[in-house]
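I opened my notebook to look up how one protein chain is put together. Come along and keep the structure in view.

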Amino acid sequence: MEKTDVRYGAYIQILKEELVPAMGCTEPIALAYGAAVARDILGGMPDRVKVQASGSIIKNVKSVIVPNTGHLKGIPAAAAAGIVAGDASRELEVIAHVDSDKVGKIREFMENTPIDVEYVDNNITFDIIVTLWKGGDSALVRIANYHTNIVRKEKNGQVLFDIPVADESEEGLTDRTLLTMEGIWDFITTMDVEDVKELLDRQVNYNMAIAEEGIKGNYGANIGKVLLDTYGDDVRTRAKAMAAAGSDARMNGCELPVVINSGSGNQGMTASIPVVVYAKELNSGADKMYRALALSNLTAIHQKTRIGRLSAYCGAVSAGAGAGAGIAYLCGGGYDEVVHTVVNALAVVSGIVCDGAKASCAAKIASAVDAGILGYNMYVRGQQFYGGDGIVTKGVEATIANVGRLGKDGMKATNEEIIRIMVGDKALC
């Protein structure tokens, strides 16, 4: 692919838009970001707070620990953290740096300030509206469709900024429909590594650091350590265990940042950590590792473009298939091996549902990475799933389209039922 090809610049820009740092699970952090922006508009600390959120936001914030809050969970904690200690200029690192005295003030704010949470259905999956009051003054901020996409600001009822939201399109981002597996392969095999090196170095450094912390520390169900203790430390087990350990730490209050993919830290870790583990094991060298990481990340983004940011479809599946593609490339695979790895992996684990961010995400990540590795090992041994096997259709793009249809349209009712199970029917009334 020539640098003059429109796809070349688009693919680099997509990576820049998606591989960004975040501290903590991105849904509560997006909520904290919106709350911090609203506080700045209000010009002071509020005496009343209302958070309106779509069902998928409620689902993903309910059970995960918000970092730098003293292990608090849930929407009120995320909002309070953003209001009391947030630096809105840092976006998804809005509460990355919180003074120790402010941790106590977050809890104190929650105890003394009414924080109402309401379910809202505006026919979009990702929707957060934060309204703050102080005496007779008010401020409102709305985030829609993706984590930093502020679409409305108000002060005292006066509209300061407004972008109409009619559907789930992601205005302002590079056109993801330019992504195809053939195009991604062409890009990663011809790209100038210097164009992505800094971006991917940050992903490697951040995500491997939290994986190491997950292995050393005591977080959640310690899935990473369980895998190593149970199955040993061969490269396949280490690839799964390190990715799971990153999630162990991140879902359970570790105060280290990650570089995300498709709006998710778990997906960012799943798409990168196994690839790095294999690259080190195989002594692949930096150049090949960067190409494998670009392949994994773009493959995950390509799948998620059709599914959407949030759904009942576990995003680790897409990222695990991406990791499988990257590992296939590191192992000497060409285009055929890569795309068959993706199809095989999707055939195995596309049934995993997302029931919010919490400790068990680490186990789902391990399963998704395992499916990616299995998908490659199947193909190099002459085994594969064929068109007509369930949702698998002839051709990788057709299968990815089927998965997108399943995740975005077919699982809408599933998502609603999962939310009812998690938070109760009243939350959706």
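Predicted model: local features only at pLDDT ≥ 70, side-chain atom pairs only at ≥ 80, totals over all residues.

I started with Tyr-329, which counts as buried because its relative accessibility is 11%; buried means under 20% relative accessible area, exposed over 50%, and partly exposed in between, with a 1.4 Å probe and protein chains only. Residues are numbered from 1 along each chain as its sequence is written, and side-chain values use heavy atoms, leaving out hydrogens and water.

**Its partner**

I counted 4 aromatic pairs, using rings of Phe, Tyr and Trp (its six-membered ring) with centres within 6.5 Å; planes under 30 degrees apart count as stacked, over 60 as edge-to-face and the rest as tilted. Trp-185 and Tyr-329 have ring centres 5.8 Å apart and planes at 80 degrees, so this pair is edge-to-face. Trp-185 sits in helix α6 (residues 181-190) and Tyr-329 in helix α12 (residues 315-330), so the pair ties together parts 144 residues apart in sequence. Trp-185 also counts as buried, at 19% relative accessibility.

I also found Tyr-8, Tyr-11 and Phe-187 linked into a cluster by ring pairs.

**The whole chain**

I then stepped back and noted 16 helices and 8 strands in the protein chain; helices (H or I, at least four residues) and strands (E, at least two) are DSSP runs, numbered from the N terminus. Of its 429 residues, 59% count as buried. Along the principal axes, I noted a C-alpha trace spanning about 70 × 45 × 45 Å.
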